[in-house]
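Please keep the sequence and the 3D view open while reading.

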Amino acid sequence: MTSDPGARERRRKPHHALPRVVSVQQRPARFDPPKRRNFDSRLPALESTVEFLVETEAPIPVRALAPVIYVGETPVTEVVVDDDTHYRFLALRPDDLREGDPVTLGWSGAPAEERVDTGTRYQR
Amino acid sequence: MDDTVVRTDELGLKPDRELLSPPWIAGPLYQCATAVTVWGFVPHASLEVEVDGAVVASVTAGFPEPVGQRVPLPAPLVAGQQVRARQHRGGLTSAWSAVLEVRDHTVDYPAGPPRPQINPAPVWTCGSRTGVGNLLGGANVWITADGAEVGRVNGCSQQQGVNVTPFYSLGQQVRAHTDLCRDEAPPSVQYTVAPGPNPLPAPVFDAMFDGQEQIRISQIANGARVTVARGGSALGTFRCWGGALLLGVSPVSTGESFSATQELCASDPSSPPGTGSVQPCAALPAPAVGPVQAGDTSITITAAVPGAMIRVWRNFAQVGTGTAPIVFLTHALVAGDTVHVTQSLTSCPASVARQLTVACVDPPVSGDPSALDLFPVGFTEYAAGPVRGSVYYPAVDDGKDMAFNQRLAALGRVPLVVLAHGNHSPADPSYRGYDYFQTALAKMGIVAVSVDCNALNGSGAGVGNIEARADLIIDSIRHFQALDATPGSLFEGRLDFGRVGLMGHSRGGDAVVTVPEVMGSIGVTIRSVLALAPTNFRYWAGQSTIAPKGYVFATILPAADGDVRDNNGAQFFDQSVPGPFTSQIYVHSANHNFFNRQWLANDGVTPVFARGTHERILEVYGCALFRGTLLGDGSADYLLGTVKPAGVPTPAIDLAYRIEKAETVDNHDDNNTIAVNSLGRPTTTSGGLFADEFPFDQVSGAFNHSFFGLTVGMVLFAREKGAGDFRSETGSVDLRHQEVWLRVAEVVDTTIAGTGVSFDLGLEDAAGRIGWIGSAAVGGVPRPFARPGQSKTMLSTLRFNPHCIGRRAELDLREIVAIHLRPTTGDARPFAFDDLQLVPV
């Protein structure tokens with residue numbers, strides 16, 4: 001019987017790299033918590049908040065973690081996908097956002113060094 | 001377990017030539033059984049079986065492996081009878097075995113005997129013998145091919161070989177059947193006879209030693225006929241159910257040669273010959289043994305030469321003589337005892353022994369909570385607009401849209417588990433990825449629903465996305481409530497919404513923790529929730545983390561998770577309130593995706609276990625949780641560290657757990673400084689030890705960056721060499737019937753050291769005496785998982801049995817006033833501690 005030294009299998013890794021940000025626009029918004037069928041949403045109703053419209057160079061990969069806009073160190077975590085390269089992030093705590101803080105794109109819970117700089121700063 | 005192999009000639013072991021351990025009867029025993037199976041006897045012993053004080057059967061046994069000795073009875077057993085066995089050999093008579101009382105199987109299995117399993121499967125053309133497992137001892141078993149009986153054994157063992165005549169033909173549909181007391185179980189899974197391996201592999205001889213009387217030949221195809229020759233003379237042709245053949249022979253001698261070939265169909269070539277030769281007695285190794293802990297009255301042998309005599313010594317005095325797999329002892333073991341275990345053959349005494357020190361706590365490996373196989377499994381898909389998914393359930397037979405199992409339905413409503421997948425490409429049917437787990441649950445009588453959450457995949461994220469998933473899960477629960485109330489539906493009147501479990505993976509794990517918080521009163525009681533590698537979007541959004549409460553919570557955390565990198569399930573575990581218990585299962589070398597068969601990419605940040613191992617881990621711990629909480633059997637013990645399951649890599653799995661009925665000495669969450677514990681009593685630190693409280697979280701103020709929980713705990717280390725000690729007063733407590741539980745971890749810094757850390761736990765009685773026991777005696781502090789760039793300090797629970805300490809130090813366990821901790825590593829590496837509890841046992 002012959003013996004085989006074997007060949008280590010190259011694994012098919014998921015692609016988790018964030019794409020380059022093409023543009024970030026911000027605009028005032030109002031937030032009405034979504035109507036749930038079985039309970040009342042615990043999300044706050046906001047008469048006045050801010051929405052970030054982000055265009056990316058390529059689709060953001062789909063994974064368990066979510067893309068997050070960071071204004072300084074304050075995360076903006078509620079996001080809706082408009083299409084492959086357009087995303088809307090809505091701030092649930094607009095009062096925590098500080099004028100002039102850099103706006104970056106990262107994954108949920110990611111440290112600062114892993115985030116993508118958008119080249120913009122938050123303006124009230 | 002620290003064990004070594006030592007030479008017996010250096011030990012001075014004192015043999016007890018009058019000692020012959022009792023055998024044991026495979027239980028449970030059921031009414032109508034026409035045979036019992038006896039194990040643990042020495043080869044060729046004479047066995048006696050006694051029923052209600054009268055010996056009813058005597059046989060001269062062969063070898064206990066592989067299936068024990070079947071002893072036919074002159075009359076079927078009757079419920080209530082008391083049965084026991086003993087052995088005679090070489091002029092010695094053992095004590096009687098433990099008594100087994102005959103039971104009525106309809107009490108344990110009201111829906112009928114468990115369905116038999118063809119084992120090993122599958123079934124090959126020209127196969128001559130089939131193994132059948134999952135049987136009740138003493139029952140009748142038979143095989144059908146295309147509906148016609150081809151083989152039968154009445155009064156079977158739990159694993160029974162059945163010769164078939166005629167041999168199988170290609171394309172036949174083969175099933176196994178069993179009955180007891182004329183109560184027939186559902187038939188086995190049906191197998192279609194297929195062509196066997198061609199060419200057949202050469203049979204392989206396991207190592208053989210001088211004096212051996214039973215040889216093992218492996219790599220045998222299912223149902224093959226094996227022709228064996230010894231020294232060139234044919235011994236005969238033997239049918240084999242597949243896997244390995246254990247053959248009784250006259251004692252073999254050094255240098256003898258054996259050969260074997262196997263064949264299935266005469267029209268196909270036989271295999272090439274396999275060969276083996278007998279090694280000298282000096283090469284006979286020591287046997288391997290399972291975990292051994294204080295209080296054990298038997299030793300489990302995990303590897304031994306077939307047919308070998310096993311002897312056990314405790315502190316150099318012999319306390320057991322028997323055979324694998326279990327040898328009963330004449331004395332219970334005490335922590336710190338030195339145990340030696342040898343194996344010997346006819347004319348070949350042992351020259352080496354397995355030596356080990358009895359641990360204070362080292363739970364046995366026993367059983368598989370996912371193995372309960374009672375019912376065929378039906379499955380179907382449901383869709384009512386956006387409310388869709390798949391459901392697996394106990395059925396009359398295997399297959400799509402089969403009718404619900406009527407015998408089970410007649411007994412009452414059955415529990416329900418609802419599963420929810422996480423975020424993934426919407427092009428993939430993620431809800432189908434847990435079909436193996438749904439099947440395992442359905443086999444044991446639980447309806448398992450997997451919700452299709454694809455409408456929410458790839459479409460956004462945040463707390464709102466998790467709420468939307470919870471909404472969809474509740475939609476599916478309501479859908480099944482409606483089916484349960486719909487005349488003529490498959491599930492009409494079948495479902496018990498008072499016994500519901502939830503399992504969620506990834507964002508689904510986040511959602512199933514949300515469901516009990518928002519569900520309200522809809523006639524559903526959640527008894528248990530399993531969060532598999534969950535996200536925690538509320539935490540990332542700066543909101544409070546949900547504290548699981550009012551049900552049993554468990555979380556499985558893959559240490560090499562390349563997606564949910566922070567193992568956020570640890571935050572849910574830290575916040576959970578035991579209801580009545582909560583458990584965390586931290587799995588080294590596991591990734592995020594491999595638990596779902598539709599998620600193909602390997603996200604692991606290190607090499608990881610095979611996909612099948614991931615699935616086994618979810619099956620085993622998930623079934624333990626849902627059997628224990630929804631079916632009410634003792635399977636929850638697997639989540640509380642008192643027994644380890646077979647079939648999963650338990651050395652790579654670190655458990656943490658808390659129970660409701662415990663007195664907490666210190667959980668460090670009281671905001672009262674390190675100087676006062678949770679009982680409001682003082683703590684002190686001496687001898688240059690440092691101890692203080694820190695958030696075990698990714699926040700400033702944490703001891704370092706390696707903590708990923710959501711609690712406050714203690715970090716302790718020695719500033720200088722010496723006998724530093726941390727003392728925590730308990731008030732006067734009686735520990736005679738309690739254990740001390742403590743969560744502990746080796747604190748990780750930038751690198752992981754080459755060796756682990758250790759500490760002593762001490763108990764101080766009212767007279768000021770202190771008795772110590774080392775962490776190594778209770779399993780040791782688990783090593784951190786080496787995760788590139790982000791190794792974590794992940795706490796596990798260690799259990800200390802006070803009696804291990806009390807006897808040695810002559811402590812008065814009735815009046816313990818303080819608990820001590822002292823590092824014994826010999827360096828300044830810090831420990832993390834939390835949840836010091838006293839737990840009634």
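**Interface of chain A and chain B**

Across the interface of chain A and chain B, the rule finds five salt bridges. The model is a predicted one. The points below begin with that interface, then turn to salt bridges, helix packing and backbone features.

- The contact between the two chains involves 30 residues of chain A and 40 residues of chain B.
- The size of an interface is often given as the accessible area lost when the parts come together.
- Between them, chain A and chain B bury about 2900 Å², with 47% of that area on carbon and sulfur atoms.
- Of the area that chain A buries against chain B, 22% comes from A:Asn38, A:Phe39 and A:Ala64, more than from any other three residues.

**Salt bridges**

- Side chains of opposite charge can pair when their charged atoms come close.
- Over all chains, the count by this rule is 53 salt bridges.
- A:Arg37 and B:Asp471 form a salt bridge through their side chains, at 3.7 Å from N to O.
- Within chain A, A:Glu51 is in a salt bridge with A:Arg27, and their closest N and O atoms are 2.9 Å apart.
- This pair links distant parts of the chain, with A:Glu51 in strand E2 (residues 46-56) of chain A and A:Arg27 in strand E1 (residues 21-31) of chain A, 24 residues apart.

**Helix H4 and helix H5 of chain B**

- Helix H4 (residues 463-484) of chain B packs with helix H5 (residues 507-518) of chain B at an angle of about 70°, and their axes are 8 Å apart.
- Because of this angle, H4(B) is roughly perpendicular to H5(B).
- The crossing of H4(B) and H5(B) is right-handed.
- On the H4(B) side the contact is made by B:Asn465, B:Ile466, B:Arg469, B:Ala470, B:Ile473 and B:Ile474.
- On the H5(B) side the contact is made by B:Arg507, B:Asp510, B:Ala511, B:Val512, B:Thr514, B:Val515 and B:Val518.
- Sorted by class, the residues in the contact of H4(B) with H5(B) are eight nonpolar, two polar and three charged.

**Helix H3 and helix H8 of chain B**

- Helix H3 (residues 435-443) of chain B and helix H8 (residues 611-631) of chain B have axes 10 Å apart and pack at an angle of about 35°.
- H3(B) and H8(B) pass each other in a right-handed crossing.
- From H3(B), B:Tyr436, B:Phe437, B:Ala440 and B:Leu441 meet B:Glu615, B:Leu618, B:Glu619, B:Gly622, B:Cys623 and B:Phe626 of H8(B).
- The contact of H3(B) with H8(B) has seven nonpolar residues, one polar residue and two charged residues.

**Backbone features in loops of chain B**

- Most residues other than glycine have a negative phi, and most peptide bonds are trans.
- The peptide bond from B:Asn119 to B:Pro120 is cis, with omega near 5°, and B:Pro120 is in the loop between strand E10 (117-118) and strand E11 (129-133) of chain B.
- B:Thr165 and B:Pro166 are joined by a cis peptide bond with omega of about 0°, and B:Pro166 is in the loop between strand E14 (160-163) and strand E15 (173-180) of chain B.
- B:Asp401 is not a glycine, yet its phi is positive, about 60°.
- The loop that holds B:Asp401 runs between strand E35 (399-400) and helix H2 (406-411) of chain B.

Technical notes. Residues are numbered from 1 along each chain as its sequence is written. Chains are lettered from A and ligands numbered from 1 in the order in which they are written. This is a predicted model: local features need pLDDT of at least 70, side-chain atom pairs count only at pLDDT 80 or more; totals for chains, interfaces and linings use all residues. Side-chain values use heavy atoms; hydrogens and water are left out. Axes are lines fitted to C-alpha atoms, for helices over the stretch in contact, and angles run from 0 to 180 degrees between N-to-C directions. Helices (H or I, at least four residues) and strands (E, at least two) are DSSP runs, numbered from the N terminus. Angles under 35 degrees count as roughly parallel, over 145 as roughly antiparallel, 65 to 115 as roughly perpendicular and the rest as oblique. A crossing is left-handed if the near helix is turned anticlockwise from the far one by less than a right angle, and right-handed if clockwise. Contact means heavy atoms within 4.5 Å. Ala, Val, Leu, Ile, Met, Phe, Trp, Tyr, Cys and Pro count as nonpolar, Asp, Glu, Lys and Arg as charged, and the others, Gly among them, as polar. Buried area is the accessible area (1.4 Å probe) that two parts lose on being put together, summed over both. A salt bridge is a side-chain nitrogen of Lys or Arg within 4 Å of a carboxyl oxygen of Asp or Glu.
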